[in-house]
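Trainee: Could we go through this model together, one question at a time? I would like to start with how the chains meet.

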Amino acid sequence: MVEPSYPADAHDFASDAEELERIDSAATEAPKGAVVVSAIAVAALLVGWLLLYFWIFIPRGTVG
Amino acid sequence: MALSERAILKSEVRWAIVVGSVVALILGAILFAAIAMHMNPPSNQEYADPKTLHLSPEFTEANLGTTVQPNGQIVARMIATQFEFVPNCILLPADRDVTLRITSPDVIHGLLITGTNVNTMVVPGYISQVHTRLTKTGDLLMPCHEYCGLGHSQMLATVRVVPPDQFRPDAQGRAACGNRG
Amino acid sequence: MATVAEPLPAAPRRRRKAGAAAELQTGRLVAAHMWLAFAAFGIAIILGVWQMWARSPVEAPYHTAANYFRSVTLHGVSMAYVLTTFFIMGFGYYVAETALKRPLPGLSVAWGAFIVGVAGVAMATLSILSGNASVLYTFYPPMTATPWFYIGLTLTVVASWVWCVLMLVAMRQWKAANRGKPVPLVMYATVANAVMWLWTTVGVAAELLFQVIPSAFGFNSTVDVGLSRTLFSWTLHPIVYFWLFPAYIAFYSMAPRAAGGRLYSDTMGRLAFVLLLLYSLPVGMHHLMMDPEQSNGFKFVQMFLTSLVTIPTLLTIFTITASFEVAGRMRGGRGLFGWVRTLPWDRPMVLATGLAFIMLFFGGGGGLINMSYGMNAMVHNTSWVTAHFHLIFGGTVVIMYFAIAYAIWPSLTGRHFEDLRPLRIQLWMWFVGMMVMTLPWHWTGLWGQWRRVAAFDYTDPLVQPWGPWVLVSLAGGIILALSGILFLYNLALLHRAGTPGAPRTIAYATAIHPPERVPASLNGFGLWNLLVALLMLIAYGYPIAQFFVDPPPQAMIHRLAQ
């Protein structure tokens with residue numbers, strides 16, 4: 001069986017009803033994981049920005 | 001179900017608030033640097049006609065380089081032209097307020113001084129002006145960083161930063177890199 | 001809830017053989033656009049590697065300043081104008097037919113536009129090869145190339161305008177036939193891009209028409225440089241979003257389905273595309289932070305608006321991550337992070353989305369520094385900036401172009417890929433190569449390594465320590481070139497070999513709650529066009545008017561071609 005590069009024809013689930021049932025079972029925890037992952041990413045972004053601001057930009061002195 | 005439309009919308013709105021706060025924090029830090037520490041982009045908006053630059057009193061060859069003005073202000077004047085800076089070395093003291101004034105008689109140039117916050121475009125028609133205070137001594141590079149023609153890569157000057165006590169302008173208030181360069 | 005994989009209604013123009021699925025009416029049109037885009041890409045990656053070699057401590061063949069800047073110009077034009085414009089047009093035609101499930105209005109007009117675009121590309125390419133257009137891919141007078149360079153690129157833009165009109169007509173016809181129904185998100189986003197592109201090109205069109213082309217022909221002897229830089233900046237930021245849109249379209253309308261799940265929120269998708277349209281336009285002046293012709297006040301206003309454009313991107317990250325989380329949990333993932341492991345990473349679209357997000361993190365983070373007003377002085381025109389846009393465009397955007405091509409190629413050729421491994425290897429190589437190339441550029445850029453030079457003098461004690469980092473970047477560039485070649489090979493192979501029987505259409509992701517109705521404002525662009533006009537008036541009204549109120553001295557034109 002060839003796996004399509006993009007599941008345009010094949011569904012991962014036998015029926016819509018099954019798919020919705022799976023979504024329901026997933027919903028007990030979602031979107032907790034997404035919140036945590038995105039929050040870590042944005043926090044890291046902010047930390048990186050502040051590092052450059054305090055360690056490089058400010059010490060290089062006044063300009064304008 | 002737990003992923004009702006309302007629940008989804010609520011999580012999105014909460015996330016937007018988090019993201020908005022992060023952006024606000026960054027904006028606050030930028031504003032603080034701008035207002036309290038005078039760290040702004042160089043926006044001089046002062047005109048200089050590139051077609052008659054050689055006739056302007058400020059940018060005649062004899063007036064280029066570092067000068068201590070009668071009021072004590074230290075000003076370095078330069079011309080950025082295809083494909084060199086005139087002069088190609090400027091002498092500046094560390095830990096003192098200095099002002100760079102640069103203009104172009106031909107095409108667009110740009111400059112930065114390596115390892116510092118000095119950075120500006122040099123646009124024909126305008127005098128670019130940067131106020132700064134250099135914190136490290138030694139020779140720094142000042143390249144042209146905007147493509148200005150086939151000789152662009154050779155357009156490179158030196159900024160010699162000396163301790164304040166070694167910065168000794170002559171009787172006319174002029175200081176140059178001299179034969180040490 | 002709507003079924004996801006509805007077959008196309010029978011509207012076949014021709015059938016190759018009895019029993020075979022009907023071909024897409026736009027199939028050849030899409031393939032022609034995309035192959036032109038990818039051919040330009042293929043040439044540009046080879047040039048890119050040579051340019052990095054030339055700037056490294058190792059002697060490169062044919063290395064002269066003239067060759068270097070000719071090469072940079074061709075690399076920039078191929079990647080930024082040809083790859084993007086033709087890919088976006090091709091993808092738009094594909095979306096219009098497959099999402100609206102109607103024939104594309106004006107198929108022959110689209111072919112006409114394609115021919116105009118090809119003529120323009122040929123004209124620009126010949127100009128560059130002649131050496132009379134080595135001005136890089138930005139339009140910054142008083143240095144001007146041969147007029148045929150600008151006229152060629154203008155023709156390409158004209159072709160893209162025709163595309164914009166066809167997208168708008170396609171949406172309007174569908175709405176007339178489906179009153180009250182929400183336009184499919186994938187088409188709404190495509191039209192948002194078309195609307196944005198029409199606004200975007202106003203600045204550069206004015207600059208070319210009134211300043212650059214007359215100057216290049218010799219009708220003028222002087223030019224207002226501040227005005228031309230300001231007009232170019234009008235275009236300079238949203239053009240990047242024009243390139244970026246297909247990646248976001250794939251995030252919202254393809255990735256969740258490829259992951260085996262559904263889109264977390266259709267409304268947030270619409271909102272994100274509307275916000276991108278609104279806030280990508282009045283922000284171009286962040287490219288002029290270090291310029292003398294604009295005041296700090298307007299630089300600050302546009303910096304503030306720039307910071308708002310991060311919001312649709314950060315919303316997108318959350319919405320897509322949440323969609324992936326739901327998909328991962330539907331496949332049995334548990335706990336806070338278990339869903340990451342259960343996602344089908346072996347599917348190219350899912351893998352590409354993950355890798356695109358990592359590159360977006362670094363590229364977006366770098367962009368955050370660039371836009372930060374005074375902080376721009378730390379990095380302006382250094383290799384930091386080169387690293388930033390290679391990561392965002394070459395990384396996030398182009399890897400999604402690959403994933404889109406891999407997703408739609410079966411429907412264009414009627415064949416499935418026999419083996420997905422070469423596809424995955426190609427995507428991984430692109431990611432690794434891009435990271436290896438750009439992370440050292442960020443570092444050397446912070447220490448002042450400047451952009452746009454043909455060579456560095458490594459005997460200088462301040463330049464010498466950059467040498468090893470430049471060599472690491474070069475290694476990354478070589479990996480990228482190999483990945484690019486593998487990509488072209490993978491696509492070309494599918495035209496000759498592959499498992500027959502692939503359906504001649506594609507299904508887009510549905511939302512967990514597919515909208516029955518959406519507010520009129522999120523089903524069209526009338527309100528948003530008004531708001532864009534207002535924001536542009538605030539952000540660019542006086543900054544442009546000032547050149548007429550108090551005209552600055554003009555500069556003499558420097559023509560490369562006599």
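Trainee: How many residues does the contact take from chain B and from chain C?

Mentor: Good place to begin, and keep in mind that this is a predicted model. The contact draws on both partners, with 50 residues from chain B and 57 residues from chain C.

Trainee: Which element gives the most to the side of chain B that touches chain C?

Mentor: Several elements of chain B give two or more residues to that side: strands S7 (109–112), S8 (119–122), S9 (126–133) and S10 (138–143), together with helix H1 (5–36). By class, this side of chain B has 27 nonpolar, 17 polar and six charged residues. The element that gives the most, with 13 residues, is H1(B).

Trainee: And where does the largest share of the side of chain C that touches chain A come from?

Mentor: That contact takes 47 residues from chain C and 35 residues from chain A. On the chain C side, at least two residues each are supplied by helices H8 (255–258), H10 (296–330), H12 (348–371), H13 (383–413) and H14 (421–446). Sorted by class, the chain C side has 33 nonpolar, nine polar and five charged residues. The largest share, nine residues, comes from H10(C).

Trainee: Within chain C, why is H7(C) called oblique to H13(C)?

Mentor: The axes of helix H7 (residues 238–253) of chain C and H13(C) come within 9 Å. H7(C) passes H13(C) in a left-handed crossing. The axes cross at roughly 50 degrees, and that angle makes H7(C), relative to H13(C), oblique.

Trainee: How do the residues of the contact of H7(C) with H13(C) divide by class?

Mentor: On the H7(C) side, the contact is made by residues including Trp243(C), Leu244(C) and Pro246(C). Among those from H13(C) are Phe393(C), Met400(C) and Tyr401(C), as well as Thr396(C). The division is 12 nonpolar, one polar and no charged.

Trainee: Which strands stand at the edges of the open sheet in chain B?

Mentor: This sheet has three strands in the order S5-S11-S10, with mixed pairing. Neighbouring strands are turned by 25 degrees against each other on average, direction ignored. An edge strand has a single partner, so one side of each is left without a neighbour in the sheet; these are strand S5 (89–93) and S10 of chain B.

Trainee: Which residue of S11(B) does Met142(B) stand opposite?

Mentor: S10(B) and strand S11 (residues 156–162) of chain B pair in the antiparallel sense over six bridges. The residue opposite Met142(B) in S11(B) is Ala157(B).

Trainee: Finally, what is the radius of gyration of chain C?

Mentor: Chain C comes to 16 helices and six strands. For its 562 residues the globule rule gives 24 Å, and the radius of chain C is close to that, so chain C is as compact as a globular protein of that length. Along its principal axes the C-alpha trace spans about 65 × 50 × 50 Å. The radius of gyration is 23 Å.

Definitions and conventions
Residues are numbered from 1 along each chain as its sequence is written. Chains are lettered from A and ligands numbered from 1 in the order in which they are written. This is a predicted model: local features need pLDDT of at least 70, side-chain atom pairs count only at pLDDT 80 or more; totals for chains, interfaces and linings use all residues. Two residues are in contact if their C-beta atoms, placed from the backbone, lie within 7 Å. Helices (H or I, at least four residues) and strands (E, at least two) are DSSP runs, numbered from the N terminus. Ala, Val, Leu, Ile, Met, Phe, Trp, Tyr, Cys and Pro count as nonpolar, Asp, Glu, Lys and Arg as charged, and the others, Gly among them, as polar. Axes are lines fitted to C-alpha atoms, for helices over the stretch in contact, and angles run from 0 to 180 degrees between N-to-C directions. Angles under 35 degrees count as roughly parallel, over 145 as roughly antiparallel, 65 to 115 as roughly perpendicular and the rest as oblique. A crossing is left-handed if the near helix is turned anticlockwise from the far one by less than a right angle, and right-handed if clockwise. Two strands pair if DSSP finds at least two bridges between them. The radius of gyration is taken over C-alpha atoms; the globule rule is 2.2 Å times the number of residues to the power 0.38.
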